[in-house]
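Hello,

Here is the structure for your files. My notes on it follow below.

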Amino acid sequence: MEGERTAPVPTRRRLLKGAALATVPLTLFSGTRATARPRAVDYPSAEWQPASTANYTPSSRPATYPVDHVVIHVTQETYADTLAIFRDPSRQVSAHYVVRSSDGHVAQCVREADVAWHAGNWNYNTRSIGIEHEGWVDRPEYFTDALYEQSARLTAAICATYGIPRDRTHIIAHHEVPGSDHTDPGPLWDWTRYIRLVNFA
C-alpha cells in the first residue's frame, strides 16, 4: 500500500533500553511521589468494618506502645448491633475485631496500630488487641465451634505478630483487666479449649 512506512527493525540495544525504561516507576515520569497504601485489614481473613474515628485513638503501635496482651470480650449484643455501636461516634467504644457466632466470620474495626477503646483501662488499651465475640455471657449456644476456632486462629496470628506468649497470663478476659466492672467472657467461656486451639493454630 502506498504511503506505508516500514517499521524500523529493533536492535538489541533498543530492546535493552526499552526493558530498562519499563522498570522505572511511573511516578518518576509524572513528577508525583509514590505513597504506599496501607492494607485495609491486618488479619487477611477479616472483613474491614471500620469503627468511627471518634471511638479510638490513632497511634503507631508497637512503636508508640508495646503490644503484649490479647483481651477476650463477649459483646452482649448481636454481631450487627456491635458493628453499629462501633460506627456510632457518640458511643466512645470499639474493639479491634468482632467474631460472629454462626460461622466465625471476623470483622476488623480498628487497625492494630491504633488504640481501640475496649478494656476500660487506658494502660491495657494501649498494650492490647481487643477481640469481641458475638453472644451473651449466660448463653453458651453462642460459643460455637466456628467462633472458638476462628477466634483462636486470629489470636494465634496476633501472638505471632507481636511475640505474645500463648498463655492465660497474656490472653486475658475483659473481667481480668484491673478496674474492670465487666464479667465477660463469663464462666461459660471454655478457656482450656480456647488456649489449646490458640496453641495448635
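E141 is exposed, at 52% relative accessible area (buried means under 20%, exposed over 50%, partly exposed in between, with a 1.4 Å probe and protein chains only). Its salt-bridge partner is R139, with the closest N and O atoms 3.4 Å apart; R139 is partly exposed at 34%. A salt bridge here is a side-chain nitrogen of Lys or Arg within 4 Å of a carboxyl oxygen of Asp or Glu.

This is a predicted model, in which local features need pLDDT of at least 70 and side-chain atom pairs count only at pLDDT 80 or more, while totals for chains, interfaces and linings use all residues. Residues are numbered from 1 along each chain as its sequence is written, and side-chain values use heavy atoms, leaving out hydrogens and water.

The count comes to six salt bridges. One of them joins D68 and R127 (3.2 Å, N to O). D68 is in the loop between β2 (56-57) and β3, and R127 is in helix α4 (residues 122-127), so this pair ties together parts 59 residues apart in sequence (helices are DSSP runs of H or I, at least four residues; strands are runs of E, at least two; both are numbered from the N terminus). E176 and R168 also meet in a salt bridge, at 2.8 Å, N to O.

There are zero disulfides in the whole structure, a disulfide being a pair of cysteine sulfur atoms within 2.5 Å. C109 is buried at 1% relative accessibility, and C159 is buried at 2%.

Regards
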